[in-house]
Every structure is written in C-alpha cells, then in structure tokens.
Amino acid sequence: MNHLLSVFIGGFFGSASRYVLQMIFNRLMPAGSIPISILLINLIGSFGLGIAFPRKEAWDPSVQVFLTIGFLGAFTTFSTFSMETIELIRKYRCIDSLIYVTVSILGCIGAFLCGYLMYV
C-alpha cells in the first residue's frame, strides 16, 4: 500500500508538472510543423529517467516508485505522442509525422543515454 501511495503522489506531481510545462512551452514557442511541447517534455522525461534509473537500487523502494513510475511515468506523454502522430498523418502531413516520430524516438533514447551515462 505504501508503494501505491508513492506512485499516486508521484503521478499527481508528474502530470501536474507536465501540464504546467506544456502551457509554458506553448506560450514561448509558436505552433510549428510538429508538436514541440510534447517532444520537449518527452526528451526531458527521458533524460530524467536516464539519470534516475542507474541510481534506483540505492534508494528506498518507495522513492524508486515515486520517481520512476509515479512522477516520470506521468510526466512523459507517450500516449499523447501517439495521438499527435496520428493527427499529423490524418492531416496528410506525413513528412512532419516522420520527422516527429524519428526525433521523438531517437531523441528520447539519446536523452536517456546522456542521463544514464552521467552516473555510470
């Protein structure tokens, strides 16, 4: 039950952080050919998970699930990424969709690796 509460609280803060950051990014950057705010949030979340992942064994299990499953799980937005990709395709913006998918996947893997390598 303690772990479930940790996930719940982490998820609350992660999703609230994602919402606030997305609003900030949307105000700072005009709408372009790809959904940049979701891309940036996924890159930041992947980087954060890359930092957290190699250190998780050193933490209390409640802290592990709070940060990795709760906060970062709610902060990153792969489901929104999927929706945005389909929207681009539906609007016949296939090149934009391909760019968005490629940069999202390779960028998030790269961001995770950068964070991971900071502590390995």
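Which helices each supply at least two residues of the lining of the second largest pocket? In this predicted model, in which local features need pLDDT of at least 70, side-chain atom pairs count only at pLDDT 80 or more, and totals for chains, interfaces and linings use all residues, they are H2, helix H3 (61–75), H4 and H5. Residues are numbered from 1 along each chain as its sequence is written, and side-chain values use heavy atoms, with hydrogens and water left out. Helices are DSSP runs of H or I with at least four residues, and strands are runs of E with at least two, numbered from the N terminus.

The second largest pocket holds about 200 Å³ of space, and of the 14 residues that line this pocket, Asn 42, Ser 46, Thr 76, Phe 78 and Cys 108 are the closest to its centre. A pocket is here an open set of points, on a 1 Å grid over the protein atoms alone, where a 1.4 Å probe fits, with protein on both sides within 12 Å along at least five of seven lines, and lining residues have an atom within 4 Å of a point. Grid points are joined across faces, edges and corners, and a volume is the space filled by probe spheres set on the points. Helix H2 gives the largest share of this lining, four residues.

Helix H5 (residues 94–117) has 24 residues and reaches 34 Å from its first C-alpha to its last, close to the 34 Å expected at 1.5 Å a residue, the expected span being 1.5 Å times one less than the number of residues. Within H5, Asp 96, Ser 97, Tyr 100, Ser 104, Cys 108, Ala 111 and Gly 115 are buried, that is, under 20% relative accessible area with a 1.4 Å probe and protein chains only, where exposed means over 50% and partly exposed in between. The cover of these buried residues includes helix H2 (36–52) and helix H4 (78–90).

Gly 73, by comparison, is found in helix H3 and is partly exposed, with a relative accessible area of 42%. Gly 73 and Ile 9 lie 64 residues apart in sequence and 12 Å apart in space, C-alpha to C-alpha.

Methods. Contact means heavy atoms within 4.5 Å.
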